[in-house]
Amino acid sequence: MVMIDKLVVCGVGLIGGSFALALRRAGLVRRIVGIGRRPASLARAVALGVVDKAAAGWADALDGADFVLLATPVGQMDAVMAAMAPHLVPGTVVTDAGSTKRDVIEAIYRHLPGHLPYVVPAHPIAGAECSGVEAAFAGLYDGRKVVVTPLPENEPGAVLRVREAWEACGALMYEMPPQEHDRVFAAVSHLPHLLAFGLVHDLAGRPNAEQLFGYAASGFRDFTRIAGSHPEMWRDICIANRQALLGELDQYLAELAYLRALLLSADGDRLEQLFAEARHARNAWAEQFSTAPNAVPTPE
């Protein structure tokens, strides 16, 4: 991979901070500049050595930059791209870490039409319940998937540069059309988060919530682990991908209706068959997942 002379990370939290640390670990970046909404968070990133300096604004940040990662919640992407657009110069490669792609790509076409050869959308499939720069670590992407969803206008060299940067972080690279990306992750990521948040919220609002949580054990912990994730980030993801997510939610509601019907009719045979089929599918996935290098289940 070609050395990155100046990396700009917008949103120096878990995702952006870990990207910076991973490239620093690989010895493939000379300078790292952070930019974001909260001066205190940027100052903390400097103090922790995640970035070398905090930029006062986009003019300062993009001066001499050759690679930019946008790691903010997807709801901020539109405003971020509008702010950075006047200061971008040809050749600066820009990528993102957004969990949705349709809305991010629409913002790219809206605000960066003159920079399309160099803006390559991507999505690292990694994360944790903890957020903020203190949670960042260099090994977050080791053995994890990163999906690139290139634009038709992208220069092949820019796509290659983005792929190589993520590979240097330890990631496994995949490519997918953006519409397919959003449909897939609505099913396997966004819907599970929505359900986990919803279950915890339901139980927390009941009169006997203290009793319920007092008896909750490992099954509840495992099912609801992802409800500890960043609320703003998941609000933005759910709203941005709401059409695909609504389709998945309707499909799941139909499954719940079927389960209800089996319970209502006390149909133990069909209920056991459904459980057995689900168990087989889940165990087959878990076995495949466990063979991946450094596989650690974390929220996306």
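Start by selecting D236: this residue is buried, at 8% relative accessible area. Keep in mind as you go that you are looking at a predicted model. D236 sits in helix α10, which covers residues 231-240. Now show what surrounds the residue. Setting aside neighbours within four places in sequence, D236 touches P73, V74, G75 and Q76.

Which side chain does D236 meet in a salt bridge? Select R235 and look at the gap between the two side chains: R235 and D236 form a salt bridge at 2.9 Å, N to O. Together with R235 and D236, they make up a network of salt bridges.

How many salt bridges does the structure hold? There are 17 of them, and two others are worth a stop.

For one, select D5 and R31, whose side chains meet in a salt bridge at 3.2 Å, N to O. This pair ties together distant parts of the chain: D5 lies in strand β1 (residues 4-10) and R31 in strand β2 (residues 29-35), 26 residues apart.

Next, switch to a cartoon view and pick out two helices, α4 (residues 77-84) and α5 (residues 102-111). Their axes are 9 Å apart, and the helices pack at an angle of about 25°. Angles under 35 degrees count as roughly parallel, so α4 and α5 are roughly parallel to each other. To see what makes the contact, show side chains for M77, D78, M81 and A82 on α4, then for V104, A107, I108, R110 and H111 on α5. The way α4 passes α5 is a right-handed crossing.

Now move to another helix pair: α7, residues 178-204, and α11, residues 242-264. At what angle do their axes cross? They cross at roughly 65°, and the axes come within 9 Å. On the α7 side, the contact is made by D182, R183, A186, A187, H190, L191, L194 and L195. Facing them on α11 are A244, L245, E248, L249 and Y252. Again the crossing is right-handed, with α7 passing α11.

Follow the chain on from α11 to A266, which is in the loop between α11 and α12 (268-290). Check the backbone here: phi of A266 is near 55°, a positive value in a residue other than glycine. Is A266 buried or exposed? A266 counts as exposed because its relative accessibility is 67%.

For the last stop, colour the chain by pLDDT. The mean for the protein chain is 93, and 95% of its residues reach 70 or more. Where does pLDDT stay under 50? Select residues 293-300 and you have that stretch. The model has 30 contacts beyond four places in sequence for these residues.

Notes
Residues are numbered from 1 along each chain as its sequence is written. This is a predicted model: local features need pLDDT of at least 70, side-chain atom pairs count only at pLDDT 80 or more; totals for chains, interfaces and linings use all residues. Side-chain values use heavy atoms; hydrogens and water are left out. Helices (H or I, at least four residues) and strands (E, at least two) are DSSP runs, numbered from the N terminus. Buried means under 20% relative accessible area, exposed over 50%, partly exposed in between (1.4 Å probe, protein chains only). Contact means heavy atoms within 4.5 Å. A salt bridge is a side-chain nitrogen of Lys or Arg within 4 Å of a carboxyl oxygen of Asp or Glu. pLDDT is the predictor's confidence in each residue, from 0 to 100. Axes are lines fitted to C-alpha atoms, for helices over the stretch in contact, and angles run from 0 to 180 degrees between N-to-C directions. Angles under 35 degrees count as roughly parallel, over 145 as roughly antiparallel, 65 to 115 as roughly perpendicular and the rest as oblique. A crossing is left-handed if the near helix is turned anticlockwise from the far one by less than a right angle, and right-handed if clockwise.
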